[in-house]
Amino acid sequence: LEGMSGGGVQPTPGVNVVAGSQGTGKSYLASVPVWVFGGDVTDYRPDEQELGKLVVSTLHDKRGPVAILDNVPDGYIVKNTTLASFLTQAVPTARLLGQTKNVAMINDVFWGLTGNGTRQSDDLRRRFFDVRLDAGMADPAMREDFALGDLKAHFGDVRNRAKFVWCCLVLWRAWVAAGANEGSCRMRGSYGWWSKPTAGLLEFLGVGGFMDNYAPGGSAEAER
């Protein structure tokens, strides 16, 4: 739903898909909105300057509403001023590689990170919400009992993508038809405009407790 709503008038917080071990399915889960709605999945670059260039080029040359920075090194603390500013600016400006002047870009991309045991700097921590995966087994890469089988192959079928989009539209429309009531949750800095409608949608769908365990310092468990 978040990937589908990307492209609004204001940027939304990014998602940090994190797990405690390899093979849990972080990249696959984060890639689903890219396979359905379009976008980019690019390997993360630990060098701050190179990461800044990647963020700028991804937004400038975007191929869809979702941008995933994949495979952050295990236990790494993500820190990048360009990414931090892009997550709060509707029309950021930056200098493109090989050019001498800044260009303005419409920030209508939903940003995501994936990694094992990763964290963000204080500036970025307030701009991301966590999705923590726990496979509940020692070697999650060996699992075979998936309801949809291979997700990439599943969403490679245009009929499955169409059904997915239809389901999302039904959920959004049902909430709007019911009055689009906002929910109660912790305000999240400049994302207050996003938090309450999102909480309202989730409460309408029967998912309560949105942002109840949000901890800006990163000391609490992952957010719901």
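This is a predicted model: local features need pLDDT of at least 70, side-chain atom pairs count only at pLDDT 80 or more; totals for chains, interfaces and linings use all residues.
Local features need pLDDT of at least 70 and side-chain atom pairs count only at pLDDT 80 or more, while totals for chains, interfaces and linings use all residues. Residues are numbered from 1 along each chain as its sequence is written, and side-chain values use heavy atoms, with hydrogens and water left out.

Strand E3 spans residues 66-72. Helices (H or I, at least four residues) and strands (E, at least two) are DSSP runs, numbered from the N terminus. E3 is mostly covered, with six of its seven residues buried. Buried means under 20% relative accessible area, exposed means over 50%, and partly exposed lies in between (1.4 Å probe, protein chains only).

E3 pairs with strand E2 (residues 39-43) in the parallel sense, over five bridges. Two strands pair if DSSP finds at least two bridges between them. Val41 has Ile68 in E3 as its bridge partner. Between E2 and E3 the chain passes through helix H3 (residues 48-60), and this β-α-β crossover is right-handed. That is, with the strands pointing away from the viewer, the path from the first strand over the helix to the second runs clockwise. E3 also pairs with strand E7 (residues 110-116), again in the parallel sense and over five bridges. Here Val72 stands opposite Gly115 in E7.

Asn181 lies in the loop between helix H7 (158-177) and helix H8 (192-204). Its contacts, leaving aside neighbours within four places in sequence, are Trp175, Gly200 and Leu201. Contact means heavy atoms within 4.5 Å. Asn181 and Ser21 are 160 residues apart in sequence, and their C-alpha atoms are 38 Å apart in space.

The structure holds seven salt bridges. A salt bridge is a side-chain nitrogen of Lys or Arg within 4 Å of a carboxyl oxygen of Asp or Glu. Arg45, Glu50 and Lys53 are linked in a network of such bridges. Arg45 meets Glu50 with the closest N and O atoms 3.9 Å apart. For Lys53 and Glu50 the closest N and O atoms are 3.4 Å apart. Lys53 and Glu50 both lie in helix H3, three residues apart, about one turn of the helix. Arg45 counts as partly exposed because its relative accessibility is 35%. Glu50, at 33%, is also partly exposed. Lys53 is partly exposed, with a relative accessible area of 36%.

Arg126 and Asp123 form another salt bridge, at 3.7 Å from N to O. Arg126 is partly exposed at 40% relative accessibility, and Asp123 is partly exposed at 46%.
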